[in-house]
Amino acid sequence: MMLGRTACGLYWMFRQLERSENTARLVEAGFRMALTRSVSASSEWDSVMTTAGCRDAYLDSHARFETDTAIDFLMRSKDNPASVLTLFANARQNARQVRTALTREVWEAVNEGWMTLRDALARPVRIAELPGLISTVRQQSALVRGMLYGTMLQDDIFNYARLGTFIERADNTARILDVKYYVLLPATSYVGSSLDNVQWETVLRSASADRSYHWLHGGDSKPSEIADFLILDRRMPRSLYYCCCEVVDNLAALARLYDVRKPSHDMAEEAQARLNRTTIDEIFEAGLHEFIADFLVRNNALGSQIETDYRFYE
Amino acid sequence: MCMRQAKLLGACVAFNEMKDDTGAVREPYEGYAQWFDGYASADLRRKAREAETFFRRTGITFNVYGASEADERLIPFDLVPRIISAREWARLERGIEQRVRAINAFLHDLYHKQEIIRAGRIPLSLIENNDAFLPQMIGVEPPGGVYTHVVGTDLVRTGENEFFVLEDNARTPSGVSYMIENRETMLRMFPELFSRIPVHPVGDYPTNLRRALTRSAPAACHGRPTVAVLTPGVHNSAYFEHAFLADQMGAELVEGHDLRVVDGRVAMRTTQGFTPIDVIYRRVDDDFLDPLNFRPDSMLGVPGIMDIYRAGGITIANAPGTGVADDKAVYSYMPEIVEFYTGKPPILQNVPTWRCSEPDGLAYVLDHLGELVVKEVHGSGGYGMLVGPAASKAEIAAFRKKLTARPANYIAQPTLALSTVPVLARSGLAPRHVDLRPFVLVSPDRIDITPGGLTRVAMKKGSLVVNSSQGGGTKDTWILEDR
């Protein structure tokens, strides 16, 4: 038996953690792009802000996209509800709310993670420190995940935590694709240029998929294969298909535990089936951008349906 | 009275619990002092820093109202334990039990026949003008006959055998999580101490609390009672404790908006629908408990819970209306109350108290403001009080105005020379004033007093204010086993 509010807190705690880690990864990818000088730093930060969903918030207080201010805004700004620090602090606040549902290890990991980041991000970020900071964010987030796996009962508490993680991750991967879809289109005039290669690299890096992609494809990058990898690959833990399968599995576990199916189960299975029967060629034919936009809308609706089905709110 | 009063005054030398006037270590501290002498103080200070890191990491913090940025603070924890002998404890235990029994009998009487008033032992005005007296509780029989499931009796010591009850805390006493976590910390850092010195464990408090709550389950409960802890939420100063107790008892931690009345029961919204609750350990005040029956603007309570309570559908712990037994005006009558219900003189004494509601009392207090402690009748947490000897002339003048405007709102007590226990200061051990809050659990058939408690310590030299909201710290409290 679990309170709806507790399920809600767990779900959002893990959404926020996932997003905080992904934002840090976006900053890393953006920073690399800005360093290569092959594209203008300003347009790169523009697209990073768009991907992170905080372009408007940034422009409210800044006139131009510059590396220093963009990094500061994304990593630690209190005015940015999507900054790494704000998200981690929110995740910790949710963890406090649901403390009775967490093991001491998970709670301490998120609490220590927050204290570490709060101290590390107390002052404006110096460029030289950025790589170290990013890896700190990843480590702290990995600690929480590790403690979740290592110490928590695999019951409904675990399922809500995982649902939050994968709904958010699917959203984040889809956003990366949505902002960068044009570099993956076969028709762009840049094909084969070095600029293209750098852009593809950024897309992969943003999803922490560069190593695994090259491992599978032996350093031979093709836009359709990159898109296929991030959308339809069954082994890649950040692909849309993989996230979809995790959501379906965790909902199925809830259905078994509570002995009742909910509308969200149908929605999740439909989404899984849709990805199952399509190919990357069909996606390109119908329009990559349209496909991603549609996916984002459905993923969002699925998230809301889960919140309703399990009585997260009054 | 004169002798005792003289001893209570701050001008006197405070009783040092560790060492006597000749500097010799008192018996309860012998084992500890021996161990301490073999320990380098640099090592101890390192341990103190470790303890702080441990508290921060585990999130044992409290929230301070009105402080936004650093809104979670640590209560300073001092590594030197406060030690009480088996013999001293046995007497405290008897005294506390007597007092808590009397309080429950008193509450039952107040909400039923009011014999104590008819017998002329306390004035009717004490109840009539008391906001903590709830007419909604008149004639209500609480499940199992228990009003105060949890009591935190505040004691102060002024001499070898002189303990006084300072407050009865019969509403929602807090601090028990610190009693348990302080011990955990000590066990972690100095395991060898506990193998040398026989100390009563305190860790079974949550189990006993759960038992006290479930044994008072309502008539409507069939099977294993469902217990929930009701918290005002994550921003409350004691939120850590609410979560801690729910966790340790295996109970649900609920907020008002998780609850509603469904089919004549109080039920919580779970992921699978509404499930009835049998026993609610509430950490919200009476006023906020039920917007339909009390404060209509309360967002913290459950509309209609009082009606379910009166119909025997739920147990509320502590029962609504217990506050009338622990306000400071009623406190001054406690010796009469104990004697009336137990037939025996009180084992533990009250601190002498002047009621400013009475002309003689007020006149005395106004004449002696500079040497008294003046408190609000309904105040707590060390807010809104005057410590005469520590106050400036301007502060005393300002307080005099407040006091003459609403005399019935205040009581006054002599400034007690609270006993001292050493803390680990920069220069080594230094005596600081302490008080003691043991925790009492009341079931229908028994009273359990955890052998231990929360020792609060004023960290500043000479300070008598031990409240955590005013910078006070805590110590682990050891009750020695009788060997």
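Helices α8(A) and α15(A) are roughly antiparallel to each other.

Before I continue, some conventions. The model is a predicted one, in which local features need pLDDT of at least 70, side-chain atom pairs count only at pLDDT 80 or more, and totals for chains, interfaces and linings use all residues. Residues are numbered from 1 along each chain as its sequence is written, while chains are lettered from A and ligands numbered from 1 in the order in which they are written. Helices (H or I, at least four residues) and strands (E, at least two) are DSSP runs, numbered from the N terminus.

Let me return to the helix pair. Two packed helices are described by the angle between their axes and the distance between the axes. For α8 (residues 156–184) and α15 (residues 288–309) of chain A, the angle is about 165° and the axes are 9 Å apart. The axes are lines fitted to C-alpha atoms, for helices over the stretch in contact, and the angles run from 0 to 180 degrees between N-to-C directions. The crossing of α8(A) and α15(A) is left-handed, which is the name used if the near helix is turned anticlockwise from the far one by less than a right angle; clockwise would be right-handed.

Which residues make this contact? On α8(A) they include L163(A), I167(A) and A170(A), and on α15(A) they include I292(A), L296(A) and I306(A). Two residues are in contact if their C-beta atoms, placed from the backbone, lie within 7 Å. Sorted by class, the contact of α8(A) with α15(A) has 14 nonpolar, three polar and two charged residues. Here Ala, Val, Leu, Ile, Met, Phe, Trp, Tyr, Cys and Pro count as nonpolar, Asp, Glu, Lys and Arg as charged, and the others, Gly among them, as polar.

Helix α15 of chain A also holds F291(A). Is F291(A) buried or exposed? F291(A) is buried, since 24 other C-beta atoms lie within 10 Å. The cut-offs are 20 or more other C-beta atoms within 10 Å for buried, 12 or fewer for exposed, and the range in between for partly exposed, with C-beta atoms placed from the backbone. Not counting residues up to four places away in sequence, F291(A) touches I283(A) and A286(A).

In the segment after α15 of chain A lies R311(A). R311(A) is not a glycine, yet its phi is positive, at about 55°. With 19 other C-beta atoms within 10 Å, R311(A) is partly exposed.

I now turn to the domains. Chain A has domain 1 (12–152) and domain 2 (159–314), with bounds that come from an automatic or database domain assignment. Their centres, taken over C-alpha atoms, are 21 Å apart. In their contact, 19 residues of domain 1 of chain A meet 17 residues of domain 2 of chain A. On the domain 1 side, α1 (4–36) and α2 (41–52) each supply at least two residues, and α1(A) gives the largest share, 13 residues. That side of domain 1 has eight nonpolar, six polar and five charged residues.

Chain B is likewise divided, into domain 1 (2–351 + 416–479) and domain 2 (354–415). The C-alpha centres of these two domains of chain B lie 25 Å apart.

I close with some individual residues of chain B. D263(B), in the loop between β9 (259–262) and β10, has a positive phi near 50° in a residue other than glycine. D263(B) counts as exposed because it has 8 C-beta neighbours inside 10 Å. Y309(B), in helix α12 (residues 305–310), is buried, with 25 such neighbours inside 10 Å. Leaving aside its neighbours within four places in sequence, Y309(B) contacts I314(B) and I316(B). Finally, the peptide bond from A317(B) to N318(B) is cis, with omega near -10°, and N318(B) lies in the loop between β13 (315–317) and α13 (328–331) of chain B.

Definitions and conventions
Angles under 35 degrees count as roughly parallel, over 145 as roughly antiparallel, 65 to 115 as roughly perpendicular and the rest as oblique.
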